[in-house]
Amino acid sequence: MDKEPKPRITGKQWASIALVAIALAFILQNLTYVRVEFFLFHTAAPLWLILLITLAAGYAIGRFSKRRN
């Protein structure tokens, strides 16, 4: 009889699972709302969302400010 090989979880899949678990723990620990004031813009949002937006903005600035040869 032919036995089908069991699917194995690769290293990349384990890393993805670990990152999702870390992100979920981070979100659950930072659910409190904080007040954000930026010039005339005032709002309240969860801390994890503010940090995510800041991370994305920093990434975009770094990505687009690289020197091209």
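1. Overall dimensions. The protein has a radius of gyration of 20 Å, whereas a compact globule of 69 residues would have one near 11 Å. The C-alpha trace spans about 70 × 45 × 15 Å along its principal axes. These values describe a predicted model, and they should be read as such.

2. Burial and surface. Buried residues account for 4% of the 69 residues in the protein. The protein exposes about 7,000 Å², and 67% of that area is supplied by carbon and sulfur atoms. The points below turn to individual residues, several of which belong to this exposed surface, including Phe-38 and Phe-39.

3. Secondary structure. The protein contains 2 helices and 2 strands. Read from the N terminus, these elements follow the order α-β-β-α. Strand β1 covers residues 33-38, and Phe-38 is found in this strand.

4. The salt bridge. How many salt bridges does a search of the whole structure find? The search finds 1. The side chains of Arg-35 and Glu-37 meet in a salt bridge, with 2.9 Å from N to O. Arg-35 has a relative accessible area of 57% and therefore counts as exposed, the cut-off for that class being over 50%. Glu-37, at 52%, is likewise classed as exposed because of its relative accessible area.

5. The aromatic pair. A search of the whole structure finds 1 aromatic pair. Phe-38 and Phe-39 form this pair, with 4.7 Å centre to centre and 70° between the planes. Why is the pair described as edge-to-face? The angle between the planes of Phe-38 and Phe-39 is 70°, and planes over 60 degrees apart count as edge-to-face, so the pair falls in that class.

6. Are Phe-38 and Phe-39 buried or exposed? Both are exposed. For Phe-38 the relative accessible area is 55%, which means that this residue lies over the 50% cut-off for exposed residues.

7. The nonpolar patch. Phe-38 and Phe-39 also belong to a nonpolar patch on the surface, together with Leu-40 and Phe-41. The accessible area of these residues together is about 590 Å².

Terms used
Residues are numbered from 1 along each chain as its sequence is written. This is a predicted model: local features need pLDDT of at least 70, side-chain atom pairs count only at pLDDT 80 or more; totals for chains, interfaces and linings use all residues. Side-chain values use heavy atoms; hydrogens and water are left out. A salt bridge is a side-chain nitrogen of Lys or Arg within 4 Å of a carboxyl oxygen of Asp or Glu. Buried means under 20% relative accessible area, exposed over 50%, partly exposed in between (1.4 Å probe, protein chains only). Rings of Phe, Tyr and Trp (its six-membered ring) pair if their centres lie within 6.5 Å; planes under 30 degrees apart count as stacked, over 60 as edge-to-face and the rest as tilted. Patches are made of residues with over 30% relative accessible area and no salt bridge: like charges are joined within 9 Å, nonpolar side chains (Val, Leu, Ile, Met, Phe, Trp, Tyr) within 5 Å. Accessible areas come from the Shrake-Rupley method with a 1.4 Å probe; for residues, only the protein chains shown count as cover. Helices (H or I, at least four residues) and strands (E, at least two) are DSSP runs, numbered from the N terminus. The radius of gyration is taken over C-alpha atoms; the globule rule is 2.2 Å times the number of residues to the power 0.38.
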